[in-house]
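Hi there,

Here is the structure I promised to pass on to you. Have a look at it first, and my notes follow below.

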Amino acid sequence: MVDRRRAAFLRTTAFRQTLLSAALFALSSFVILGFVYAASAGMVLRRADTAVNDEVASLSDRFEAGGIERVRLYILQRTVGGGADYLYLLIHPSGRTLAGNLTGLPNAQPDDEGRLQFIYRRPPAGGAEEDSDKDDRTARGRIVDLPSGYRLFVGLDVDDETRLVSRMLNTILAASALALALGVAAGIFVSRRFVRRLDKINNVARRVRAGDLQPRAPRNYTGDELDEMSENFNNMLDRVEALMHRMRHTGDSIAHDLRTPLTRMRNRLDEALREDGDLDAREQALERAVADTDELLGIFNAILSLSRLEAGESRASIVRLDPADIAADMAELYEPVCEDDGLAFDSEIQHGLVILGDRGLLSQAIANLLDNAVKYTPAGGAVTLRLRETGDGMVEFSVTDTGPGVPDVDRDRVTQRFVRLDNSRTKPGSGLGLSLVQAIADVHNGRFDLGEGPGVVADGHGPGLRAALCFPKAPREDD
């Protein structure tokens with residue numbers, strides 16, 4: 001089981017990504033340190049070549065000034081005691097050694113400019129026995145042909161610098177290996193933490209898939225990507241749970257609200273089928289049954305409209321428009337309705353505002369709010385339609401009435417499907433009007449608020465209700 005878990009961990013994306021990051025870090029470190037090594041090694045070679053060239057030029061000048069003897073004497077002076085870093089060898093045209101601290105020319109192939117690098121053995125000081133491991137040293141030099149057939153070799157001991165560069169190379173390789181090892185170790189540690197947090201989220205997903213909507217993904221509130229994913233995951237689960245609750249509630253509400261009109265329609269059809277009834281009674285029963293059928297169709301049409309809105313089918317018809325035209329049309333339509341019901345109607349419309357919206361949906365939302373206001377406001381009351389720009393830059397439609405209002409504890413609930421308060425059961429309706437308004441607000445990225453109106457509790461009047469639809473202003477066309 002442990003081996004299986006370890007193998008599964010090694011296949012995780014987190015481990016692979018951290019391993020790749022560690023490899024890239026080690027590679028970049030190796031490249032940078034390799035550049036430092038190449039620059040250091042090149043500097044050592046250039047310094048040695050420059051020193052050798054300067055020494056060759058000095059000997060050439062002495063040869064021109066005093067001949068081969070002066071060169072020989074200079075080499076003898078420089079090599080007495082065997083402590084010089086320079087290596088010399090002056091060879092007669094016959095091949096005989098005239099001076100120098102080398103026994104013969106280095107056994108190395110020179111490059112095109114006569115430079116060569118070789119290993120030589122420095123004679124032990126004080127007649128000590130030779131130690132081949134300690135006396136082998138690295139040098140770099142140049143072979144020069146002098147006039148009259150003489151040959152001159154000048155070299156420089158670079159063993160200390162070469163060993164330093166070699167140690168630098170070994171250090172670079174060790175540092176790169178260490179960086180890779182530490183990167184892998186750190187990657188494993190970080191990956192395990194990442195995978196553990198991800199496993200907790202996956203466990204929650206598996207429980208939700210099994211039908212349990214209660215668990216939530218753990219959060220550490222650091223604001224990192226996993227914490228943000230957990231927050232979004234939890235918000236999604238909250239939304240799913242709310243939709244499931246709404247679905248169950250909707251089913252119960254449909255059964256409850258449709259039972260009465262269906263029972264009434266059945267009784268009227270049964271009455272129309274009685275043989276002892278007269279023709280006028282049968283016709284009236286059928287007409288009432290048709291009215292009940294229209295009520296049922298209206299409920300189903302409202303449900304379909306809600307479903308389409310929540311599915312986002314109306315977003316394609318959203319355009320730039322002036323909401324003042326919609327408010328003016330609604331005011332012209334409902335002013336005579338209010339007069340017929342004994343209500344005072346007023347409208348306050350601000351022009352010059354632009355929003356992104358669907359004209360038909362916005363008209364339907366305002367009509368639903370005005371219908372509710374007219375339906376629940378008793379005679380002698382007042383209804384007001386306003387369109388204005390709010391202090392926070394939003395465009396607000398509001399419908400205010402002086403009816404019974406909605407208690408504060410029920411204002412969130414009445415925007416759900418089929419929710420009707422007890423004091424509205426005697427009024428016709430399906431409990432879908434405000435649900436449609438809320439759905440239309442959501443489609444337009446707006447806000448639907450219910451608040452207390454300006455009414456006074458007296459003579460059958462209530463505190464009233466203020467229903468407000470707020471939408472963001474449309475950006476300028478040049479944006």
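At roughly what angle do the axes of helix α8 and helix α9 cross? The answer is roughly 145 degrees, and the axes of α8 (residues 359-376) and α9 (residues 433-443) come within 9 Å. (Axes are lines fitted to C-alpha atoms, for helices over the stretch in contact, and angles run from 0 to 180 degrees between N-to-C directions; helices, H or I of at least four residues, and strands, E of at least two, are DSSP runs numbered from the N terminus.)

Before I go on, a word on the source: this is a predicted model, where local features need pLDDT of at least 70 and side-chain atom pairs count only at pLDDT 80 or more, while totals for chains, interfaces and linings use all residues. Residues are numbered from 1 along each chain as its sequence is written, and side-chain values use heavy atoms, with hydrogens and water left out.

Now the charged pairs. The structure holds 20 salt bridges, each being a side-chain nitrogen of Lys or Arg within 4 Å of a carboxyl oxygen of Asp or Glu. In one of them, aspartate 157 pairs with arginine 137, with the closest N and O atoms 2.8 Å apart. That pair links distant parts of the chain, as aspartate 157 lies in strand β5 (residues 151-157) and arginine 137 in strand β4 (residues 136-145), 20 residues apart. Both residues are buried (buried means under 20% relative accessible area, exposed over 50%, partly exposed in between, with a 1.4 Å probe and protein chains only).

Aspartate 145 and arginine 151 also form a salt bridge, at 3.1 Å from N to O. Here aspartate 145 is exposed, at 59% relative accessible area, and arginine 151 is partly exposed, at 35%.

Lastly, threonine 79 sits in helix α2 (residues 13-79) and counts as buried, because its relative accessibility is 13%. Its side chain reaches the backbone oxygen of isoleucine 75 at 2.8 Å. Leaving aside neighbours within four places in sequence, threonine 79 is in contact with Tyr88, Gly100 and Asn101.

Happy browsing!

Terms used. A polar contact is a pair of N or O atoms within 3.5 Å; within protein, one must be able to donate a hydrogen and the other to accept it, and residues adjacent in sequence count only if both atoms are side-chain atoms. Contact means heavy atoms within 4.5 Å.
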